[in-house]
Amino acid sequence: MNGMGRFDQAFYDRAVVAAERPASQDILLVTIDAPTIESLGRGPLNPAVHAALLERLGGARAVALDFDFSAPDGAAPDSDAVLARAIRQHGRVVLPAMLSPLPRPTSVQPPVARLGEAAAALGFANVVPDADGVVRHATWRAALRDGVWPHMALAMLEAGGEGDRARRLVSRLDASGVGGIPYAGPPGHLRTVSYLQLLQGRVPADWIQDRYALVGNGSEVGEAYRTPGALPARGMSGVEILGNMIQAARDDIVIRPAPNWLNALACALPVLLLCLALRYLPPRGALLLTGVMFVAVLAGAFLALRYVQLWFAPSAALLGLALSYPLWSWRGQETVLRYMDHELKRLRREYPPILGEARSPALGTNWSVEDRLDQLRQALTRVRNLRRFLADSLDGIPDVTLVFDAGGRLQFCNRAALDYFRGLGVRAPRNGQPAAWLMEKIVADADARADINRALHELRPDEREAPWSLDLEVLDYTGRNFIVKCAPIRTDEGTYAGSVVTLNDITAIRQAERKREETLRFVSHDMRAPQNSILALVDLNRGRQQDAGAQHEAWTRIGQLANRTLRLVDDFVQLTRAESLHIGQARVDLTALLLDAMDDVWALAQARGITLEAPRELPQAFVRGDHALLRRALTNLLDNAIKYTAAGGHVRATLEEEAGSWSVSIVDDGVGIAAADLPHLFQAFSRVGPTARADSGAGLGLAFVHTVASRHGGAVRVDSRPGRGSTFTLGLPADLAEDDETGD
């Protein structure tokens, strides 16, 4: 047999050994051993001796004399008659015959007629080893010409009154009558006594009574056969093989070869199941499953042999399993390599090298796996570089940029977005956060949030090909204006994969628009009104004869309107200059500026009957900034206090140091300001309260002060109540450097 046949035989032997059973106490082996030879002599024993032995076995259920009785005893012709008489007297003796060749015999060699006629039954006792010399199977029955010969084991059951068991076992065999021998154990497993001991009456009677007694040569005297699991030096005698067959027949156990269709199914089914599972398993799982299937096939073959006495050779199934994994691995590798080659070519075609990458050579048809892995490493490096390129590009965008997936969950945000959320006092967004939560932290209007969330989760038919799915102006919680744009992201197949949301800060644009509108209103109203009045006076006095007093009043009125126009223009120019001028870092003496500003408004205060007050000794206070702008800001504060203070009132100026800053306070006892007007006080062109009269200016003075303060890193605040006056405080960072230069 070939190598795989030897594997099947080896597995069969191990399975039979593993399925050992306890030896039956109803079987007794009587063997001719060395003491028997030594006492009775070598060579065939005299038939009369066998006759004497039969007298000792009178209580046995059946006796098998496994000796060659095919020729009469030439040394003592009467001994055959003695043996025949003993056989007939016992009545349950079975004698062997020789059939050849098995399993399809053509000839039979029975015992001599006298003995054969006396025997209760005849059966063939010869066994045929496999090609490796191991006896695994036996022919339990054989057809010869017009008759059927049973094996000696079945003949013993017939002689012992258990013919139904023999017939039941035969019914389970196929037409060849061949079946495996389910050995109960290794050589010496069955109860054995010496021929000489039995002949001498040294065997207990209960060992013989109603037992099957098998008499023959022992393995150390006669022929020894190799059996499954037995060592070559320790064979099993023919009479012990006969005893194992009798025990198997009584237990209704015989090993049958599986039918061809069942054997083919048992071999093909594991391979088919493995091939189906390999399509869905990773390599490690496939290897593990292959090993599991190996064990399952072997376990299935053993369990079938052990419990249903059905034998199928597992080698074909194991060979199929062993070939399935490498073939699947080869096929999978080829598929992966072809796909890898296709994608690498596509990557080189669609994404040229960036960031100084070297262009990789084209793949050859005979490139190895290692070459392809090297190409894959380069491709992955290119993808990582491309991702870094995109991430850096998004980080470089000054607008807030957020990337969401199709489910509306954040996947990326740029540096501008992190800075924006940090400015809102909100924890930096994390990947995976829902867009609805982020929009609640940004957009104040609920309807606008709903529009944004809809654009992030679904696309209308008219938006599927549009570059933007949303273009909406919103206002955040800090009052800043943003244009929210949602650009859909599509996969290579064109399906919707997410959105890129950008927040363009247009606060400066909207402020510029408001500034333009305020300027137009200033030009169209505040500046045109004095000019129209001048023109009306000129037209009124043109061609009319008036006395000197009327002409003087007209020219005085014209002068006032012209001065008012000049003041408006000057205030507007100064405010524009404060907003756009580069602030220098000259060291300025704030004390000197305050005194100069008080000198500038002294005449106005005297004309209105208002007293200007200041401490006799002011501290030396230095700040950094623009001398002219700071002086104009202090002058505006003093002018504003004088303007809204009644005659006989007081305006007091103080200078104090507060936590690293210098604070100039202008305190008046004028009309005061209502609380509702305070938020609008420092807005350009804003005139509040009941005192907003025609000669109160255009509302640019305090806006100028606020602008100068903020441009110098400081602030201006007001504390006022109607009827109790106001306190304006200008705070500027102190310059604490020890320097002997004086501020200019």
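Guide: A residue is buried under 20% relative accessible area, exposed over 50% and partly exposed in between (1.4 Å probe, protein chains only). The model is predicted, so local features need pLDDT of at least 70 and side-chain atom pairs 80 or more, while totals for chains, interfaces and linings use all residues. Residues count from 1 along each chain as its sequence is written, and side-chain values use heavy atoms, leaving out hydrogens and water.

The whole structure has 22 salt bridges (a side-chain nitrogen of Lys or Arg within 4 Å of a carboxyl oxygen of Asp or Glu). Let's start with aspartate 395 and arginine 415, whose closest N and O atoms sit 3.9 Å apart. Aspartate 395 belongs to helix α13 (residues 369-396) and arginine 415 to helix α14 (residues 415-424), so this bridge ties together parts 20 residues apart in sequence (helices, H or I, at least four residues, and strands, E, at least two, are DSSP runs numbered from the N terminus). Arginine 415 is partly exposed at 47%, and aspartate 395 is partly exposed too, at 21%.

Next, aspartate 252 meets arginine 168 at 3.6 Å, N to O. The aspartate is in the loop between α9 and β14 and the arginine in helix α7, so parts 84 residues apart get tied together. Aspartate 252 has 22% relative accessible area, and arginine 168 has 39%.

Glutamate 658 is in β24 and arginine 717 in β26, 59 residues apart. Both ends are partly exposed, with 35% for glutamate 658 and 45% for arginine 717.

Finally, Asp26, Glu162, Arg165, Arg211 and Arg250 link up in a salt-bridge network.
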